[in-house]
Amino acid sequence: MKKTNYSYIGIAFTILVFGIIFIPRIVDRISNGDISRQESRSDQPKEVDEKKSDLVFIQNNGVNRKVPDFSFTNQDGKTITNQDFEGKVYVIEFFFTTCPTICPRMNSNLAQIQNEFEGFEDFGVASFTINPEHDTPEVLKTYAEKYGITNPNWHLLTGSKEAIYELANKGFYIYTAENPDVQGGFEHSGNFALIDKNGFVRSREMQGNPIIYYNGITSESEKTDEDGKLEEISALKEDIKKLLNE
């Protein structure tokens with residue numbers, strides 16, 4: 001009986017010593033943030049998903065379409081590449097400064113979008129001229145002033161005509177061409193492309209299909225175009241906000 005009592009006493013003493021020595025150390029580590037409670041695995045994906053928007057990736061042959069590499073000169077004479085837009089949500093358009101038809105409407109809409117996101121350092125615009133022989137940096141600078149372009153991330157870009165046309169027609173599948181038989185001598189799409197912070201082309205879905213591009217011609221105030229199609233500037237604004245929050 002005495003041996004048994006001694007063994008119980010020894011165990012109790014060991015537990016007491018452990019508590020005195022180690023428990024304060026564990027509490028101290030927890031207080032200093034060395035040990036933190038891990039969330040369950042089921043909780044972690046939920047937190048990530050909440051940051052994702054419902055905008056889809058535009059694909060070619062099952063591969064998410066990404067902005068090709070480019071390098072052009074902006075209205076300030078600076079070289080701008082696709083890398084300058086990394087980490088930014090931005091809109092892409094193709095235009096030319098002497099355009100007598102859709103370009104003034106497109107850039108008025110973009111200026112309004114710019115003002116909507118004033119102060120957002122991670123929002124920008126890339127406007128590529130399809131008449132680079134005329135649209136020098138100096139001409140683009142005057143055009144920027146005319147349309148009230150103040151966002152430092154809105155770059156009006158000029159450079160090699162071949163490179164610009166390849167970027168438009170093969171990189172973005174946004175039609176551009178010289179045509180002496182149309183007003184202004186050039187024809188091009190009035191669509192905007194929306195790019196996420198990682199350089200991927202994104203858009204919303206309508207009836208289960210991506211719209212791919214946003215109509216840049218019809219303004220919010222006009223409501224619909226001549227064919228009765230609803231304007232898409234308001235949708236573009238909503239989707240820019242979604243990507244900014246990703």
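## The annotated binding site

The unreviewed UniProt entry places the feature "binding site" at Cys 99, Cys 103 and His 188. In this predicted model, the three positions cluster in space although they are spread over 90 residues of sequence, and the largest C-alpha distance among them is 10.1 Å.

Cys 99 lies in the loop that joins strand E6 to helix H3. Setting aside residues up to four places away in sequence, Cys 99 touches Pro 104 and His 188. Cys 103, by contrast, belongs to helix H3. With sequence neighbours up to four places away again left out, Cys 103 is in contact with Phe 95, Phe 96, Tyr 143 and His 188.

## The state of the cysteines

Are Cys 99 and Cys 103 buried or exposed? Cys 99 is buried, with a relative accessible area of 7%. Cys 103 is buried as well, at a relative accessible area of 0%.

In general, a disulfide is a covalent bond between the sulfur atoms of two cysteines. When a pair of cysteine sulfur atoms must lie within 2.5 Å to be counted, the model has zero disulfides.

## The nonpolar core

The largest nonpolar core of the model contains 55 residues. Which residues have the most contacts inside this core? They are Ile 92, Phe 94, Phe 128, Phe 172, Leu 194 and Ile 240. At least two core residues come from each of E6, H3 (103-116), E7, H4 (137-146), E8 (154-157), H5, E11 (191-195) and H6 (233-244). Strand E6 supplies the largest share, six residues.

Phe 128 illustrates how parts of the chain meet here. Apart from residues up to four places away in sequence, Phe 128 touches Phe 70, Phe 72, Ile 92, Glu 93, Phe 94, Phe 95, Leu 157, Ile 164 and Leu 167.

Helix H5 covers residues 161-171, and its buried residues are Lys 161, Ile 164, Tyr 165, Leu 167, Ala 168 and Gly 171. An α-helix has 3.6 residues a turn, so residues three or four places apart point the same way.

After the helix comes Tyr 173, whose phi is positive, near 60°.

Terms used: Residues numbered from 1 in each chain as written. Predicted model: local features only at pLDDT ≥ 70, side-chain atom pairs only at ≥ 80, totals over all residues. Heavy atoms only, no water. Buried < 20%, exposed > 50% of the residue type's maximum accessible area, 1.4 Å probe, protein only. Helix = DSSP H or I, 4+ residues; strand = E, 2+ residues; numbered from the N terminus. Core = buried A, V, L, I, M, F, W, Y, C linked by side-chain atoms within 4.5 Å. Contact = heavy atoms within 4.5 Å. UniProt positions renumbered as here; feature names shortened; annotations may be inferred.
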